[in-house]
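I have the structure open in a viewer.

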Amino acid sequence: MCGIVGLIGSRDAAREAFLGLTTLQHRGQDAAGILTYDSDGFHRVRNLGLVESVFTRENMATLPGAMAVGHARYSTIGRGDLIDVQPFLIGYPFGIGMVHNGNVVNCASLADDLRNKSRRHLLTKSDTEVVLNIFAEGLSRSASVHNAEELSFDHICEAVGHVFARAEGSYSIVSMVADQGLIAFRDPWGIRPLVWGKRSAQPNTNDVAEGFTAAHIVASESVALGFLGYEPVRDIQPGEVLFIDLKGNVHTRVLRQEAHRPCMFEWVYFASPESVMDGAPVYGTRIRLGRRLAKPIRRQMEERGLAPDIIVPVPETARIAAIALAEELGIPYREVLIKNRYIKRTFILDSNEKRQKAVNLKLSPVRSEIEGKKVLLMDDSIVRGTTSRKIIELVRQAGAAEVYFVSTCPPIQNPCFYGIDFPVESELIASGRTHAEIERELGADAVIFQDLQGLREAISESGGKNFNPCTACLDGKYPTGVAAAAAFAKSRHADRVPDTK
Ligand code: SF4
């Protein structure tokens, strides 16, 4: 999972890309990069680390231009070296820069084809480089491109169509082509989000570049638009391509559309609560996820004699749902797990060892409020169980009489191949275990999960009744081919240290 942003027509595109990436930092904390373009060519700064540590006043001054793409990286593939840090760049045809959020599940076979059939040498294991090369191949194959000084929208659609015909999986892409403009497209299933915004030139402001009547932004989440003063235009549709040329002309076309399957985990955990994704506000969805848990919890209170004294969120994501649940059940809400704000988000850390350390350092319980109480802990999800087990232990050590653990997400039983690092089945605590075994493994007096229908209803209530998010990690129904996905998983896990949430 990553955060991406693209801008065109902005007087200071690099600065806005930097601020946009800062609002998307929760989507990836491993590395960051910005690429700009002006009449002198491409300019790029990228490095490992948080957005704020990668960019300095000095290196930002080397990023001129009214067009930029930026990336905040969460590595699920590759070794996490500098060479894997986006934006990626290719010199032919025209000069193309690209950022990507998602996972192309048939990446390995596409990379083989590029090497063996197209004689294109790949420098990294990144699926972004694969998509970039396929897109470049599409552009150069497009009949008139070789002689064209200016790309037509048809040329671009042909190149994106070339990608759509080959790449399976999730890919939200923002690309810029030298002397041509900004291009954005989203995979035909719309698995990862991508939203488009616009800021018209105002008489008294100076933030739209010369020659443009408006600046445009494309970003992973609407939180970036609001922060930078852009009005949302709309989400990029599944299978749609958007092209904004250097005169500010806007072109859009849906090239291929499958059933729309946006990832449910964006609403459950990943997205910022201020964001609205595909028409469904994240905050409102999390409220509903909390409310919908009241029913199964009441049932368990009756059947198993559970009697929570306080409801405690595991910070940060579960807070909104826990407030809603506390209101619904009339049980006091208490924030008594205090987070050390200087420790990075646990789930997103990329190695077992790093994550173990983070759990220990991240949360401090308020003993005076926990001692002797029956504590209902609420978290967004349970993946490997490592974090949940540690937190339950922490609350018991602080003197809790009983500990119940509630998840706003149903049991995660299958791997994700589309950009969230849910591992192979054997590492998932809910895979192949009975409910009683999960409770025992976690050391909880009770564990209560959201059910699939509750999750679907919570998301669909704001997304519309035909909204059908991907829930493959819960029910095994993958929107794209499973065979390619399985091959992809092998290549990914061969390269990575397993994670532990
Ligand atoms: S498998 Fe799960 S985490 Fe992956 S895209 Fe689908 S819903 Fe999201």
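Select helix H4, residues 107-116, together with helix H5, residues 127-141. In this predicted model, the two axes come within 10 Å and cross at roughly 50°. Angles from 65 to 115 degrees count as roughly perpendicular and those under 35 as roughly parallel, and H4 and H5 are therefore oblique to each other. The crossing of H4 past H5 is left-handed.

Next, show the side chains where these helices touch. On the H4 side, pick Cys107, Leu110, Ala111 and Leu114. On the H5 side, pick Asp127, Val130, Asn133 and Ile134, which the H4 residues meet. Sorted by class, this contact has six nonpolar residues, one polar and one charged.

Now colour the contact between H5 and H6. From H5, select Val131, Ile134, Phe135, Glu137, Gly138 and Leu139. From H6, select His155, Glu158, Ala159, His162, Val163 and Arg166, which meet the H5 set. By class, this contact has six nonpolar, three polar and three charged residues.

Finally, centre the view on Ile134 of H5. Ile134 is among the H5 residues that meet H4, and Ile134 is also among those that meet H6.

Terms used: Residues are numbered from 1 along each chain as its sequence is written. This is a predicted model: local features need pLDDT of at least 70, side-chain atom pairs count only at pLDDT 80 or more; totals for chains, interfaces and linings use all residues. Axes are lines fitted to C-alpha atoms, for helices over the stretch in contact, and angles run from 0 to 180 degrees between N-to-C directions. Helices (H or I, at least four residues) and strands (E, at least two) are DSSP runs, numbered from the N terminus. Angles under 35 degrees count as roughly parallel, over 145 as roughly antiparallel, 65 to 115 as roughly perpendicular and the rest as oblique. A crossing is left-handed if the near helix is turned anticlockwise from the far one by less than a right angle, and right-handed if clockwise. Two residues are in contact if their C-beta atoms, placed from the backbone, lie within 7 Å. Ala, Val, Leu, Ile, Met, Phe, Trp, Tyr, Cys and Pro count as nonpolar, Asp, Glu, Lys and Arg as charged, and the others, Gly among them, as polar.
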